[in-house]
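Reader: Could you walk me through this model, feature by feature? I would like the general idea before each case.

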Amino acid sequence: MPMTKAHELLDEGDRGVRSAARLLRDEKGSRGAGSLPKSGSRRASSLLKEESTRPGSDQQLPEGARIRKMGKRDAARLSRKLRSSAAAVAALAPEGGGEASSSGDDAAVRAAGASASMLEKVRARRALRKGKALSAGGRTAGANRRNPAASARSAGEAKAPAAASKKMAEKLERERRHAVVRAAARRKSAAVRAVDAVQAKLSATRAAAAAKTGAAVVAGAGTSPTVGIPLALVVIALAVTVAVGAVIGEASRPKDGPLEGFPPYITASMVRAALQCQEDYGHPAGCTIAQIIAESGMGESMSQLATRDHNLFGMKWSVAYEGEPEVAGHASWGTGEEYEPGNVTQVTAEFIVFKSDEACITFRSRVFLQGSRYAGNALIQQAIAEHSSDRMAEGLKDAGWATDSAYVEKLKRIMDEWGLRALDTMTVEEWEQQIASGGKGQDYDSATDAQKRIADQARIEAFAGDGWCAKWVCNVFDHAGVAAPRLPRASDYMKFCHARLDASAVKVGMIVVTPSSSTAPGIGHIGIYVGGGIIRSNEVGGVIDRTIDDWLSVYAVAPSYVGWMSGVDLSAS
């Protein structure tokens, strides 16, 4: 029996050796992986629970320290158990007798001792490493639990680089845009200075050449022997002057958009096209714009037929218009027709689709009004000859343009409201100059000699006395050599004024009349536009100059109108 007990202990020692070998392999594997096995974590957690529930445990120690301490205790218990097994084997050795028994007992003792030593070392190392890892994790988790704000800052700091990168990109983009603007401004300034310098040099060159050779230019080997300036420089200077002049002219050209003194949907391109058709075909521009307002205007905007299909006049489709350069096609729209006076019938009709608003205005004069019923109408012919929008409105109705019985009155009312008749005697160039003048009306330098005589006399005409504004105006015209009827009241001159006072309508030498004022109800006041945005008139205490805006502010009781004295257009003289 003693030998049986010894063999059992030897077998247990062998199993211990194998267990120690396995633990050693696990130790090496976990060390290479750099992390603890999940079983080790669970073991450490169970040890922690056992330790926390045992009376007299170290509750005040940190969590990781407690785990390390319990790992050491676990290793110590295992070591004591193996050493007790080895001692039991040693105690049984004398009972076996013989050499074989003694050698077997010695082997058992050595195996048990080796097992105890290996297991003690491996278990101790694993328990200690588990304790350290959990201790580090415990410190981090504990810190986050004790200071949530720190945890939030850690999360926020992860997002901080992305936010900083976005802000830096936005800052760089702003700096890039500012740099582009500054560079453009520098280029523009440099170009203007270069042009000024070239123009000054050209002026000096022309003066010197004229003084020496009668302004003759001698062609030679790339230079002018008279003035000693290379012809190449002159050619380049002229090219730069032309190019910059084109740029400046384009910049002064009215921008396409809403215009002051017109409904918000009437654009500069519309007015320009109407004036161009007036020059090319004779159709008064005032009536053209009035038709757009009457046919397409809807409060602050235009109808869908106008905005979508660019059909500003409600012109209906015909197969004859197929292929015209201004036409894009046709579309069906509902419309109201007054076939009997006062009785409007809703019908569906085909309307022309145009490529643009300007194309529509051009098509109206180039094609539509060239039809025999319009071109042969006597009233339309008279309107073209007299530059009269009123006659044009009457002729359109007479030729059958509209079925609306009040069409003529509607057009004339629109002309009165917006002062559109002033466009009837205006060229495209004059209109663009007035718009470019910034709301000052026609400039004195662009006026005719007849206009300038009136403006010059108005600047030197003597004061006629308080309350004699109409007398003073008549004196100006008489002394300038232009006949003017002497009417008793300023408001009587309204019969010559059909356009509302506006910078786009007033010209040098025109009379400006308000039919009533706060100081002279029902009598009104009259003055003369002398150019540069100034209206000059005889007021209480002397002759006063007022800007257009100042005049409209002072004489705001009633609308002011402009026109030519006795209907004589001095701008055509």
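Reader: In which helix do glutamate 394 and arginine 391 lie, and how many residues apart are they?

Author: Happy to start there, and please keep in mind that this is a predicted model. An α-helix has 3.6 residues a turn, so residues three or four places apart point the same way. Here, both glutamate 394 and arginine 391 belong to helix H13 (residues 389-399), and they sit three residues apart, about one turn of the helix. Their side chains meet in a salt bridge, at 3.0 Å from N to O.

Reader: What is the general idea behind such a pair, and how many salt bridges does the count come to?

Author: Side chains of opposite charge can pair when their charged atoms come close. In this chain the count is 14 salt bridges. Among them is a network that links Glu324, Glu326 and Arg366.

Reader: Is arginine 546 buried or exposed, and which residue is its salt-bridge partner?

Author: Arginine 546 has a relative accessible area of 16%, so it counts as buried, the cut-off being under 20%. Its partner is aspartate 550, with the closest N and O atoms 3.0 Å apart. Aspartate 550 is at 30% relative accessibility and therefore counts as partly exposed.

Reader: How do the arginines of other salt bridges read on that scale?

Author: Take arginine 489, whose side chain meets that of aspartate 492 in a salt bridge at 3.5 Å, N to O. Arginine 489 has a relative accessible area of 40%, which means partly exposed.

Reader: Over how many bridges do strands S7 and S8 pair?

Author: Strand S7 (residues 525-531) and strand S8 (residues 534-539) pair over three bridges, in the antiparallel sense. As an example to look up, isoleucine 528 has arginine 536 in S8 as its bridge partner.

Reader: How many residues of helix H7 are buried?

Author: Ten of its 14 residues are buried, so H7 is mostly covered. Those buried include Met270, Val271, Leu275 and Cys277, and also Arg272 and Gln278. Helix H7 (residues 268-281) reaches 20 Å from its first C-alpha to its last, close to the 20 Å expected at 1.5 Å a residue. After H7 comes glycine 282, with a positive phi near 85°.

Reader: Finally, what are the totals for the chain?

Author: The secondary structure comes to 18 helices and ten strands. Of the 573 residues, 39% count as buried. The chain exposes about 30400 Å², with carbon and sulfur atoms supplying 56% of that area. Of the contacts between residues at least 6 apart in sequence, 62% join residues at least 24 apart.

Methods
Residues are numbered from 1 along each chain as its sequence is written. This is a predicted model: local features need pLDDT of at least 70, side-chain atom pairs count only at pLDDT 80 or more; totals for chains, interfaces and linings use all residues. Side-chain values use heavy atoms; hydrogens and water are left out. Helices (H or I, at least four residues) and strands (E, at least two) are DSSP runs, numbered from the N terminus. Buried means under 20% relative accessible area, exposed over 50%, partly exposed in between (1.4 Å probe, protein chains only). Contact means heavy atoms within 4.5 Å. Accessible areas come from the Shrake-Rupley method with a 1.4 Å probe; for residues, only the protein chains shown count as cover. A salt bridge is a side-chain nitrogen of Lys or Arg within 4 Å of a carboxyl oxygen of Asp or Glu. Two strands pair if DSSP finds at least two bridges between them. The expected span of a helix is 1.5 Å times one less than its number of residues.
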